[in-house]
Amino acid sequence: MLEDFRLQVFMAVCRERSFTKAAVKLGISQPAVSQNIAELEKVVGMKLFARLRGEVALTGEGVVFKDYAEKLLASC
């Protein structure tokens, strides 16, 4: 089962394109963001972000998952 918080972390990283900026917006540490994204990627069995120098970008699977996450969060 996907936890709402992990989905919120995922969406924050999508918006900010940075684990560090997402951490600031969420009021948590950057390692906590990294851990939540790593756990989410493990649960869904796919890489959701490509880590680039200074920012992150959604993978193709991440784009599809983002649509799914938005629907899940909207239904809560």
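**Close-up views of salt bridges and aromatic pairs**

**View 1. Lys 71 and Asp 67 form a salt bridge in which the closest N and O atoms are 3.3 Å apart.** A salt bridge here is a side-chain nitrogen of Lys or Arg within 4 Å of a carboxyl oxygen of Asp or Glu. The model is predicted, with local features needing pLDDT of at least 70 and side-chain atom pairs counting only at pLDDT 80 or more, while totals for chains, interfaces and linings use all residues. Residues are numbered from 1 along each chain as its sequence is written, and side-chain values use heavy atoms, with hydrogens and water left out. Both partners belong to helix α4 (residues 60-74), 4 residues apart, about one turn of the helix. Helices (H or I, at least four residues) and strands (E, at least two) are DSSP runs, numbered from the N terminus. Lys 71 is exposed, at 54% relative accessibility, whereas Asp 67 is partly exposed, at 37%. Buried means under 20% relative accessible area, exposed over 50%, and partly exposed in between (1.4 Å probe, protein chains only).

**View 2. A salt bridge joins Glu 39 to Arg 6.** The closest N and O atoms of Glu 39 and Arg 6 are 2.5 Å apart. Because Glu 39 lies in helix α3 (residues 30-44) and Arg 6 in helix α1 (residues 4-16), the pair ties together parts that are 33 residues apart in sequence. Glu 39 is partly exposed, with 26% relative accessibility, and Arg 6 is buried, with 15%.

**View 3. Glu 41 and Arg 51 form a further salt bridge.** Their closest N and O atoms lie 3.1 Å apart. The pair links distant parts of the chain, with Glu 41 in helix α3 and Arg 51 in strand β1 (residues 49-52), 10 residues apart. Glu 41 is buried at 11% relative accessible area; Arg 51 is partly exposed at 39%. A search of the whole structure finds 4 salt bridges.

**View 4. The structure holds 4 aromatic pairs.** In one of them, the rings of Phe 10 and Phe 49 have centres 5.3 Å apart and planes at 50°, so the pair is tilted. Rings of Phe, Tyr and Trp (its six-membered ring) pair if their centres lie within 6.5 Å; planes under 30 degrees apart count as stacked, over 60 as edge-to-face and the rest as tilted. Phe 10 and Phe 49 are both buried.
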